[in-house]
Amino acid sequence: MKKDRNPLLRVDIITIFPEYFTPALKIGPIKKAIEKGLFDVRFLNLREIADSPKEVDDYPYGGGAGMVLKPEPLKRALEMAGHENGFVINFSPQGKQLNQRLAHELIEKKHLILICGRYKGVDERIVEKYVDLELSIGDYVLSGGDVAALVLLDVLVRLIPGALGDMDSAATDSFESGILDAPYYTRPAVFEGMHVPGVLTSGNHELIAKWRRKMALRRTLKRRPELLRKLYLTKEDLDFLEEIEDGD
Ligand code: SAH
């Protein structure tokens with residue numbers, strides 16, 4: 001396939017484990033986006049960039065358990081990635097939490113440079129001098145930023161125009177329209193005595209769209225009511241919500 005010379009998103013990943021990403025690049029939307037030239041990902045292997053294995057990490061000043069990624073190879077990697085024209089992200093459980101809205105903002109940056117920490121993290125002076133955003137994928141602690149980088153890649157690639165086929169359309173997914181998605185069913189029509197909701201086999205697309213909207217609103221009300229407060233609701237939505245609250 002012909003490659004576009006200007007990918008819509010370029011990502012440089014600074015890591016000590018580039019092999020962590022290898023299988024993920026060969027599957028699904030990430031693979032498709034790379035093949036179509038919409039997405040370009042490169043790896044900067046800190047172990048190769050460092051002058052010696054000893055230069056990659058070191059004990060923390062002040063003592064205590066765990067190692068810290070040293071600043072010199074990180075600086076070199078950032079220069080190789082062209083950090084002056086890119087948006088530098090350091091993964092950290094202390095960072096701003098990733099969500100769909102932030103993902104839309106990040107894709108606009110066009111060139112992201114991701115620092116994948118390990119052990120206790122990276123030397124704080126790297127964060128002070130080079131990092132534009134510290135990013136968390138949730139309130140838990142991973143053993144490395146590589147896992148977080150994979151999550152971010154997957155979320156972002158889905159948003160690149162043309163990266164997803166119709167088969168995996170993102171527009172109706174949860175959070176895209178501000179609420180959760182409706183439930184889905186496929187063949188067979190009866191499974192273990194449970195029937196597919198009749199409306200879905202009616203062929204009436206207007207009714208199906210209304211049913212999906214209602215189910216999505218119901219789920220959001222039950223599971224994530226705070227999302228509804230931020231949403232512009234139509235008169236029909238409000239009627240649906242009233243029906244749902246009345247027990248329908
Ligand atoms: N000492 C740090 C945790 C280090 S965990 C602290 O307590 O704040 C090692 C690395 O895993 C981090 O440098 C970061 O790159 C990654 N990481 C851990 N938890 C993460 C999270 N919730 N989101 C994003 N990255 C995370």
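**Ligand and helix contacts**

Author: A polar backbone atom of glycine 138 lies 2.9 Å from a nitrogen atom of the ligand. The model is predicted: local features need pLDDT of at least 70, side-chain atom pairs count only at pLDDT 80 or more, and totals for chains, interfaces and linings use all residues. Residues are numbered from 1 along each chain as its sequence is written, and side-chain values use heavy atoms, with hydrogens and water left out.

Reader: Which residue has a polar backbone atom 2.8 Å from a nitrogen atom of the ligand?

Author: That is tyrosine 140. For glycine 117, a backbone N or O atom lies 3.3 Å from an oxygen atom of the ligand.

Reader: How many residues surround the ligand?

Author: A residue is near a molecule if one of its heavy atoms lies within 4 Å of it. Here 19 residues surround the ligand, and the closest are Gln94, Ile137, Gly138, Tyr140 and Leu142.

Reader: At what angle do helix α1 and helix α6 pack?

Author: Axes are lines fitted to C-alpha atoms, for helices over the stretch in contact, and angles run from 0 to 180 degrees between N-to-C directions. Helices are DSSP runs (H or I, at least four residues), numbered from the N terminus. Helix α1 (residues 28-35) and helix α6 (residues 145-157) pack at about 65°, with their axes 9 Å apart. That makes α1 roughly perpendicular to α6 (65 to 115 degrees).

Reader: Which residues of α1 and α6 meet?

Author: Contact means heavy atoms within 4.5 Å. Pro29, Ile30 and Ala33 in α1 meet Leu153, Asp154 and Val157 in α6.

Notes: Helices (H or I, at least four residues) and strands (E, at least two) are DSSP runs, numbered from the N terminus. Angles under 35 degrees count as roughly parallel, over 145 as roughly antiparallel, 65 to 115 as roughly perpendicular and the rest as oblique. A polar contact is a pair of N or O atoms within 3.5 Å; within protein, one must be able to donate a hydrogen and the other to accept it, and residues adjacent in sequence count only if both atoms are side-chain atoms.
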